Amino acid sequence: MPAWDVIVVGAGHAGCEAALASARMGCRTLLLTMSLDAIAQMSCNPAIGGTAKGHLVREIDALGGEMGRTTDRAAIQMKTLNASRGPAVRSSRAQCDRARYRTAMKQTVEAEPNLDVRQGQARHFVVESGHVVGVEDQLGVRYDARAVVVTAGTFLRGLIHVGFARQRAGRAGEFSADDLSDALRALGLRLARLKTGTSPRLRRSTIDYSELAEQWGDEHPWPFHWATTRLALPQVACHLTYTTPGTHAIIRDNLDRSPLYSGVIDATGVRYCPSIEDKVVRFAERDRHQVILEPDGLDTEEVYANGISTSMPVDVQERLVRSIPGLDRAEIMRPGYAIEYDFVPPTQLRATLECRDVPGLWLAGQINGTTGYEEAAALGLWAGINAACAVQKRAPFLPDRSECYLAVLVDDLVTRGTIEPYRMFTSRAEYRLLLREDNADLRLAAHGHQLGLVATERREAVDARAARIDAEIERLRERRRHGMSLFQLLCRPETTYAALMADDPHAIRDAALGRQVEVAVKYDGYIRRMRQDVERFKASEHVEIPDALDYAVVPGLSAEIRQRLAEVRPRSLGQASRVPGVTPAAVSILSVWCRRV
């Protein structure tokens, strides 16, 4: 019998969530990491959440994951983004103390009863009868298990660029995992290259804050974890400044020294988080770009200069930094850099994130083509849950796109693939009015309870809250004032639940519950229509396509469509309709065929 049920390789944000989920579901789990000192390292900016990313964090929390709870322990600023816009796009973001976040997550994984944490660099996979049954580390030590989850981040053949200087590394100061790339290829997996990068870190005492605008968090912050009543750490301000025409001139004059613009880097970068070089070239008409100075923590001098991610040589970085207002004497403590790394194009994965042609091997995080801590953690949780389900011979955890952003993320990756680092946005979710931050626990606590990740008491509390909201909405429909129901009065744009119910002794006084009632009432028509759309969507999702179907025998499909379907192997008619290049006519043909077989 193997020593462990599940081995998780890598202890970044994906690895921690995968290992904790597996262990909490009752599987003997090993978390194997190259460095015990770098568990849950924030290698880019020290923040969790943001547009749509905050949704992912709250969904992770609702399912019993750890990122939200750890963020609350380390948060030094919290705010709601898009607060003046509709409820579907409001998202939470927390500035964290980088060291405290890492320490808090390390304490959590080390204290988990069913989880072993060990330092070692995985180099080879142990394969028996075509199944992955363990890994071997750089010292030749073999670790046996029934399932392996790889969360390698940017470490697969990682290559750091600062100007024309290059260094093999997974992060600055850490070894790359070249052998693991070779091991994945030896299993028959196809790999490709992506790129991401970071901004320079500046010394706080060399910044002139007197010239800069302060950016504070919310006066009454809304923590990520459901049980957090108040943030533990002092709250601090970030500061806002901008690049100048002088900054842009420095960059343009040195593009020949940029690895991005000299052909040294040919991997695809993050479209929605470009380097400052990219911004200056692509948006030449703009004379400034925003820079947010984010403190790395309460006990450090380091400040992250968000907005000027760069791989320019150090001397150029120093000049461009000092051309920015407030930074004319700023010292760089750590230069920015770009990093290239291998990833596994995710159309090679099942919806569970298990490799389709390599049973026993799950992949999660940036190895799947994503970017961002939140996307990584979401995929780690998903893979850890499904690896545990496979070991325990339980049905897989596969909610659909109408239930959560996690499902949107996974479905986009395994169905459509990606040729650039994938980032979550609210616009990617067709049913985003139903998938709000405020109702994440109402949508997912039952799933978490069924998996064993959410306690019965918590599930019952969520159910009671849902019942209370429904009862209040019904009461608003029945009660009348000035010839109109309270429901109709609350539908008025200028009316809030708190104001309308100020003198009502039966009103809900919990502000969060009141806001949920208000959203449900004001958007009632939209929500009902969207639920009808969901019913139509689910009808096609429930038409299963046999995994072993030979598309060559299905008449009427073009060679191109057969090839695309054979590559993705969609599990349902709905998923087939989302495969790039598959036409409505082809879906109709498949529909008829599936009903025949």
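The model is predicted: local features need pLDDT of at least 70, side-chain atom pairs count only at pLDDT 80 or more, and totals for chains, interfaces and linings use all residues. Residues are numbered from 1 along each chain as its sequence is written, and side-chain values use heavy atoms, with hydrogens and water left out.

**Strand β5 and its partners**

- Strand β5 covers residues 91-96, and six of its six residues are buried; strands (E, at least two residues) and helices (H or I, at least four) are DSSP runs, numbered from the N terminus.
- Strand β3 (residues 47-49) pairs with β5 in the antiparallel sense over three bridges, where pairing requires that DSSP finds at least two bridges between two strands.
- Within β5, Arg93 is the bridge partner of Gly49.
- Strand β4 (residues 75-81) also pairs with β5 in the antiparallel sense, over six bridges.
- Ser91 in β5 is the bridge partner of Leu81.

**Helix α1**

- Helix α1 (residues 13-24) has 12 residues and reaches 17 Å from its first C-alpha to its last, close to the 16 Å expected at 1.5 Å a residue; the expected span is 1.5 Å times one less than the number of residues.
- The helix is mostly covered, with 11 of its 12 residues buried.
- Among the buried residues of α1 are His13, Cys16, Glu17, Leu20 and Ser22.
- Gly26, which follows α1, has a positive phi near 100°.

**The largest cavity**

- The count comes to one cavity of 30 Å³ or more; on a 1 Å grid over the protein atoms alone, a cavity is a set of points where a 1.4 Å probe fits but cannot get out, and its lining residues have an atom within 4 Å of a point.
- The largest cavity holds about 80 Å³ of space, a volume being the space filled by probe spheres set on the points, with grid points joined across faces, edges and corners.
- Its lining consists of 14 residues, of which Pro399, Asp400, Ala407, Asp411 and Arg571 lie nearest the centre.
- The elements that give two or more residues to this lining are α10 (405-416) and α16 (524-541).
- Helix α10 supplies the largest share of the lining, four residues.
- By class, the lining has eight nonpolar, no polar and six charged residues; Ala, Val, Leu, Ile, Met, Phe, Trp, Tyr, Cys and Pro count as nonpolar, Asp, Glu, Lys and Arg as charged, and the others, Gly among them, as polar.

Terms used: Buried < 20%, exposed > 50% of the residue type's maximum accessible area, 1.4 Å probe, protein only. 1 Å grid on protein atoms, 1.4 Å probe; cavity = no way out; pocket = protein on both sides within 12 Å on 5 of 7 lines; lining within 4 Å.
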